Amino acid sequence: ANKVEISCNTRVESLAGHKVVCSQGGIRAEIEEVDTIILALGYKANVLIPESQSRTVHKIGDCLQPRNAITAVHEGFLLGIEL
């Protein structure tokens with residue numbers, strides 16, 4: 001109903017305006033009319049995720065520091081309610 005698309009094992013190549021360019025298994029795709037993107041990337045803290053000048057970036061889970069899955073899911077749930 002909310003037009004949510006989940007893409008696993010997908011590499012984001014670029015974000016521009018409301019368009020995401022990505023590739024999956026060697027196939028390149030462009031997704032139009034995107035208003036929100038959520039990235040789940042590994043399990044190690046990554047403080048190098050760039051802030052965006054045109055978008056709000058919310059960092060949760062292992063992006064901040066390694067923790068257990070229940071904590072990360074809870075943080076995602078709380079952020080989802082907030083958004």
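**Figure 1. Cysteine 8 and cysteine 22 in the predicted model.** Cysteine 8 has a relative accessible area of 52%, and it counts as exposed because the cut-off for that class is over 50%. Cysteine 22 has a relative accessibility of 8%. This residue is therefore classed as buried, since buried means under 20%. A search for disulfides over the whole structure of this predicted model finds 0.

**Figure 2. Glutamate 75 in helix α1.** Glutamate 75 lies in helix α1, which runs over residues 69-82. Is glutamate 75 buried or exposed? Its relative accessible area is 18%, so glutamate 75 is buried, the cut-off being under 20%. Apart from neighbours within four places in sequence, glutamate 75 is in contact with Ile60, Gly61 and Arg67. For one of these, isoleucine 60, the C-alpha atom is 6.3 Å from that of glutamate 75, while the two residues are 15 residues apart in sequence.

Figure 3. Which residues make the nonpolar surface patch? They are Val12, Leu15, Ile37, Leu39 and Leu41, and the patch covers about 420 Å². One of them, isoleucine 37, sits in the loop between β3 and α1. With a relative accessibility of 31%, isoleucine 37 is partly exposed, because that class lies between the cut-offs of 20% and 50%.

**Figure 4. Strand β3 and helix α1, with the predictor's confidence.** Strand β3 spans residues 27-31 and has a mean pLDDT of 92, the highest among the elements of the protein. Helix α1 has the lowest mean among the elements, 85. Over the protein, the average pLDDT is 79, and 83% of the residues score at least 70.

**Figure 5. The order of the elements and the surface around them.** The protein contains 1 helix and 3 strands. In sequence order, the pattern is β-β-β-α. How many of the 83 residues, as a percentage, count as buried? The value is 12%. The accessible surface comes to about 7300 Å², and carbon and sulfur atoms make up 55% of that surface. Among contacts with a separation of 6 or more, 12% are between residues 24 or more positions apart.

Notes
Residues are numbered from 1 along each chain as its sequence is written. This is a predicted model: local features need pLDDT of at least 70, side-chain atom pairs count only at pLDDT 80 or more; totals for chains, interfaces and linings use all residues. Side-chain values use heavy atoms; hydrogens and water are left out. pLDDT is the predictor's confidence in each residue, from 0 to 100. Helices (H or I, at least four residues) and strands (E, at least two) are DSSP runs, numbered from the N terminus. A disulfide is a pair of cysteine sulfur atoms within 2.5 Å. Buried means under 20% relative accessible area, exposed over 50%, partly exposed in between (1.4 Å probe, protein chains only). Contact means heavy atoms within 4.5 Å. Patches are made of residues with over 30% relative accessible area and no salt bridge: like charges are joined within 9 Å, nonpolar side chains (Val, Leu, Ile, Met, Phe, Trp, Tyr) within 5 Å. Accessible areas come from the Shrake-Rupley method with a 1.4 Å probe; for residues, only the protein chains shown count as cover. A salt bridge is a side-chain nitrogen of Lys or Arg within 4 Å of a carboxyl oxygen of Asp or Glu.
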